[in-house]
Amino acid sequence: MSSSCLVLFLHFLFLLKFSSLSDASSVYDSFINCLSTKSIPQSEISKIVYSPNNLSFNSILQAYIRNRRFFNSSTVSKPAIIVTPTEESHVAGIVLCTKETNLQLKIRSGGHDYEGFSYTSDVPFIMLDMFNLRAISIDVNDETAWVQAGATLGELYYNIWMKSEVLGFPAGVCPTVGIGGHVSGGGYGNMLRKFGLSVDNVLDARLVDVNGRILDRKSMGEDVFWAIKGGGGASFGVILAFKIQLVQVPQTVTYFRVERFLDQNATDIVVQWQNVASKIDNNLFIRLLIQPVTAKNKEKVEGAEDTKTIRATFIALFLGDSSTLMSLVSKEFPALGLTKKDCFQMRWIDSILLWANFDNTARPEALLNRTGDSLVFLKRKSDYVLEPIPKDKLESIFQKMISLGKVGLVFNPYGGRMNEIPEDETPFPHRAGIIFKIQYSANWNESGLVAEKDYLSQIRDLYSYMTPFVSKNPRQAYLNYRDLDIGTNDQGPHSLEEGRIYGTKYFKNNFNRLVKVKSMADPQNFFKNEQSIPTQTHSIHAKWTIKYRRMF
């Protein structure tokens, strides 16, 4: 290249970069100016809006990233603007001004969505981070609570416990999960066999719609209220808060965690678990973890090698005392070989701590920690099982897991209250007939594309291997275990057809009603993501021009 051509090329790159920075600055200025017209004082705007040039931008962005695959990666897009509202009224202005700047809006409550939907995008976007909106109001007399979307499950459990030791709420066991995403996606925990899902105990909600209106159940209407109880709130608006029905828990609950290996008849125990866990007393929930592990040479025989095996871990919550539990398990699930010394009686709040992997010295105040576990790379997938898997097939699955080496399974039993609720009662359809749900789990610490490719390949391989043993037509999946492998939506002219691919897996026949509600509530498809609910007749309303795509 001649020196004159090189000078021209460098000049072109400088102009392109200058233009991009200028465009970004223009969008930021436009957004700020717009907010000032929405009755938000400038003194408040300066405290809640962050551009990439702000020194706090990266720390706020990274604070609630729970998957290291999306943490500080050069291949992952960052928001053009981060907004952290401190008042519900701020959210209305943020929605309207995001529309005016022609950017996409991503909404983050706790950051636990497995595919990073709430803080990444393929197009320029604004991230609405709800962490400041986390007020919790408990009414012990009515046994209800209002919980803002940015609150975590741990904060909710702690606040309930502060008011009453005999009230609880059926939701997840990870205390750092945000209320907004967890509940609007269904929400389940270790009391679902007794009380159903989180959404089965939602009484009211506050939502900002596409027109910037703050609506409650009455003003949004029963169709939208139905849709946000398991259909994913981010397709219909911005969830501000839920009013929930608290449930009564006993003064004493019982916890156990028991491990069995293949040489301890783990396979036979798992066979019996399949036939018992969804039918046993509704007060008992027994989660099962299946993990490939290396068994050490305990005898330390010279030349003997460590062996690969399967560890089956049974973790239980029983809403009652240990004597009643022992009697129940001895009769219904004798293969487990549960002993009295395996069982620990405690308050419900203390069982939350153990399920969250705190040690037995932890105090309830630990639930207020919003940081969570150390950050790892991860991938999750899900399935539903309708018939017990025969012993010989379980053996083949276990051998497959040993050969792969790095993927675990989590079996969560259904039955009980879940069998009593019609599948169209909420968008969440996985009800009667489900024996247990499977979560596929791959975690790793090695950085780089080689490691990621290896782990993703393994989890997809096991998922494929499980095809004969899980639900079919559709192969069902759990919305809150987001999985881009089952389909994505590019929001183009084929949006409805693309949405149906993943939508029927998440929602079965409820997908059709969700599309109708979406078309009514957000006909221009403003609220969207990679797996959002599409409208019935989609035309390309988004204005992602080449100019805006180039900006970032």
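This briefing describes how the side chains of one protein structure pack, pair and bond with one another. The model is predicted. Its largest nonpolar core has 164 residues, and a search of the whole structure finds 20 aromatic pairs. The counts also come to one disulfide and 25 salt bridges.

**Nonpolar cores**

- In soluble globular proteins, nonpolar side chains tend to be buried together.
- Within the largest nonpolar core, the residues that touch the most other members are L105, V238, I290 and F314.
- The element that gives the most to this core is strand β14 (residues 307-318), which supplies seven residues.
- Another core, of 13 residues, lies apart from the largest one, and its members include I60, I65, F70 and I82.
- Leaving aside residues up to four places away in sequence, V238 touches V91, V95, L105, I107, L128, M130, R206, L207, V208 and F527.

**Aromatic rings**

- A pair of aromatic rings is described by the distance of the centres and the angle of the planes.
- Of the 20 aromatic pairs found in the whole structure, one is formed by W273 and F411, whose ring centres are 5.9 Å apart. The planes of these two rings stand at 35°, so the pair is tilted.
- This pair links distant parts of the chain, as W273 belongs to helix α10 (residues 266-276) and F411 to strand β17 (residues 408-413), 138 residues apart.
- W273 has a relative accessible area of 1% and is therefore buried. F411 is also counted as buried, because its relative accessibility is 2%.
- Y114, Y188, F428, Y478 and Y481 are linked into a cluster by ring pairs.

**Charges over rings**

- Y478, one of the residues in that cluster, has the charged end of K437 over its ring, 3.9 Å from the ring centre.
- R475 is placed over the face of Y463, and its distance from the ring centre is 3.6 Å.

- The buried residues of α5 are L153, G154, E155, L156, Y157, Y158, I160 and W161.
- The cover over these buried residues includes strands β5 (136-139), β6 (144-148), β7 (167-168) and β10 (238-245), together with helices α6 (179-184) and α12 (348-355).

**Cysteines and the disulfide**

- A disulfide is a covalent bond between the sulfur atoms of two cysteines.
- In this model, C34 and C97 form a disulfide, with their sulfur atoms 2.1 Å apart.
- The torsion about the S-S bond of C34 and C97 is about -85°, so the disulfide is left-handed.
- The bond links distant parts of the chain, since C34 lies in helix α1 (residues 3-36) and C97 in helix α4 (residues 88-100), 63 residues apart.
- C34 and C97 are both buried.
- Elsewhere, C174 counts as partly exposed at 30% relative accessibility, whereas C343 is buried with a relative accessible area of 10%.

**Salt bridges**

- Among the 25 salt bridges is the one between E88 and R206, whose closest N and O atoms are 2.8 Å apart. It links distant parts of the chain, with E88 in helix α4 and R206 in strand β8 (residues 202-208), 118 residues apart.
- E88 is buried, with a relative accessible area of 14%, while R206 counts as partly exposed at 24% relative accessibility.
- R206 is also one of the residues that V238 touches.
- R134 and E155 meet through their side chains in a salt bridge of 3.7 Å, N to O. R134 lies in the loop between β4 (125-129) and β5, and E155 lies in helix α5, so the pair ties together parts that are 21 residues apart in sequence.
- R134 is partly exposed, with a relative accessible area of 34%, but E155 counts as buried at 8% relative accessibility.
- A further salt bridge joins the side chains of D350 and R347 (2.8 Å, N to O), and R347 counts as partly exposed at 26% relative accessibility.

Technical notes:
Residues numbered from 1 in each chain as written. Predicted model: local features only at pLDDT ≥ 70, side-chain atom pairs only at ≥ 80, totals over all residues. Heavy atoms only, no water. Core = buried A, V, L, I, M, F, W, Y, C linked by side-chain atoms within 4.5 Å. Buried < 20%, exposed > 50% of the residue type's maximum accessible area, 1.4 Å probe, protein only. Helix = DSSP H or I, 4+ residues; strand = E, 2+ residues; numbered from the N terminus. Contact = heavy atoms within 4.5 Å. Phe/Tyr/Trp six-rings, centres within 6.5 Å; stacked < 30°, edge-to-face > 60°. Lys NZ or Arg CZ within 6 Å of the ring centre and 35° of its normal. Disulfide = S-S within 2.5 Å. Salt bridge = Lys/Arg side-chain N within 4 Å of Asp/Glu carboxyl O.
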